[in-house]
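These are my notebook entries on a single protein model. I set down what I looked up, entry by entry.

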Amino acid sequence: MRKGSIAALLGLALIAGGVATAVALVPTWLPEDASQQAGRIAFTFWFVIAICIFIFAIVAAVMVYAVVKFRVREDDFEDGPPIHGHTGLEITWTIIPFVLVTSIAIVSAIVLSRNDAQAKDTLRVDVTAQQFEFTFSYPDAGNVTSPVLMLPKGRSVELYMRALDVIHSVFVPEFSVKEDIVPGLVTQLHVTPTRLGTFPLECTELCGLGHSLMRSQAVVMEPAAFNSWLKKQEKGAAPSTTTSTTSTTSSTTPISPAQAGLMVFNQNGCSACHTLSAANATGKVGPDLDNLVSYARTAKQPLESFVHQSIVDPDAYIQPGYSKGVMPTNFGQVLTKEQLDHLVTFLVQSAQKSGNK
Ligand code: CUA
């Protein structure tokens, strides 16, 4: 090879590498790290990107050089010279990729094993996913539940995740961790938050019509603030059980069935799909529950039994304009009989209040 050709190839490689580096570094591709795991994932990411830029520079330089230098001249109908390979070149282009790919495998294996390694005082959080809502509960704190993932900063957290209906997936971009939640399995996800703040937590598995609404948040707090939040929740949960067991004086429960029904409505994620002014719900996936009276009339059923059937056997009657198979069919199993009764009472009462539209 001539000196000129080598200089040309090198120049092209530098230009291609420079452009690729600019594309990699100038835009902000990754969110700012908020977990120990994210730092390691980002390292792996940039390690692989650097290798890719190196390979891209070589390939782009050789390609551009070959296209320009060996392009067909006018009236040139000759065949190319017969070439019998080049042992040295072949060994080189086998060994270099082998070394690079092996190094990626080693770095990834180290990062994955470190990301999964738990510390001693790991906090356990149980995650329940269903169309179209996440629920987080804290088994070490009396099973306090929350629609938002509250976490203490700097502590190793293990999520134990279950799905009640279809496959979902949990992802917090700032944590750089993600895991599917599969019915019948308990999948685990380990994260150690390092930055205070509120981060989006989203479902990243297409799980039905409300998939795009299946979002929550991960809130990272100072450990002291987290502990006092947990204590407050535990205390908040306690009185209702103590009053209901000690309220022997009257036959009425401390909260009305309709109020209890509103809680069932909120806890089961109904608002993700339905509009209902009594619950400040604005979901647009399923039928507007403020119109239940007119739906029952169209279905030619008494309101109460219509509401009950629509919850436990949603496909029995489909309001025109909506589709079968969207509403989960397992609420008959998920809810207790009492919860179901409260929910029906709440929906019937609020439907009657919102008028015979
Ligand atoms: Cu759950 Cu998408």
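Which side chain does arginine 215 meet in a salt bridge? I found that the partner is glutamate 202, with 3.4 Å from N to O. I took a salt bridge to be a side-chain nitrogen of Lys or Arg within 4 Å of a carboxyl oxygen of Asp or Glu. Arginine 215 belongs to strand E10 (residues 215–221) and glutamate 202 to strand E9, so this pair ties together parts that are 13 residues apart in sequence.

Basis of the entries. The model is predicted, and I kept to its conditions: local features need pLDDT of at least 70, side-chain atom pairs count only at pLDDT 80 or more, and totals for chains, interfaces and linings use all residues. Residues are numbered from 1 along each chain as its sequence is written, and side-chain values use heavy atoms, with hydrogens and water left out.

Exposure of the pair. I noted arginine 215 as exposed, at a relative accessible area of 53%, whereas glutamate 202 is buried at 17%. Here buried means under 20% relative accessible area, exposed over 50%, and partly exposed in between (1.4 Å probe, protein chains only).

Other salt bridges. I recorded five salt bridges in the structure. One of them joins glutamate 32 to arginine 195, with the closest N and O atoms 3.8 Å apart. This pair links distant parts of the chain, 163 residues apart: glutamate 32 is in the loop between helix H1 (3–25) and helix H2 (36–69), and arginine 195 is in the loop between strand E8 (187–191) and strand E9 (197–203). Helices (H or I, at least four residues) and strands (E, at least two) are DSSP runs, numbered from the N terminus. Glutamate 32 is exposed at 56%; arginine 195 is partly exposed at 24%.

I also looked up aspartate 126, which forms a salt bridge with arginine 124 at 2.9 Å between the closest N and O atoms. Aspartate 126 counts as buried at 12%, while arginine 124 is partly exposed at 30%.

Strand E8. Why is E8 largely enclosed by the rest of the structure? Four of its five residues are buried, so the strand is largely enclosed. I found E8 paired with strand E5 (residues 157–163) in the antiparallel sense over five bridges; pairing requires that DSSP finds at least two bridges between two strands. Glutamate 158 has histidine 190 in E8 as its bridge partner.

Domains. I listed domain 1 (3–70 + 87–116), domain 2 (123–235) and domain 3 (257–353), with bounds from an automatic or database domain assignment. The centres of domain 1 and domain 3, taken over C-alpha atoms, are separated by 55 Å.
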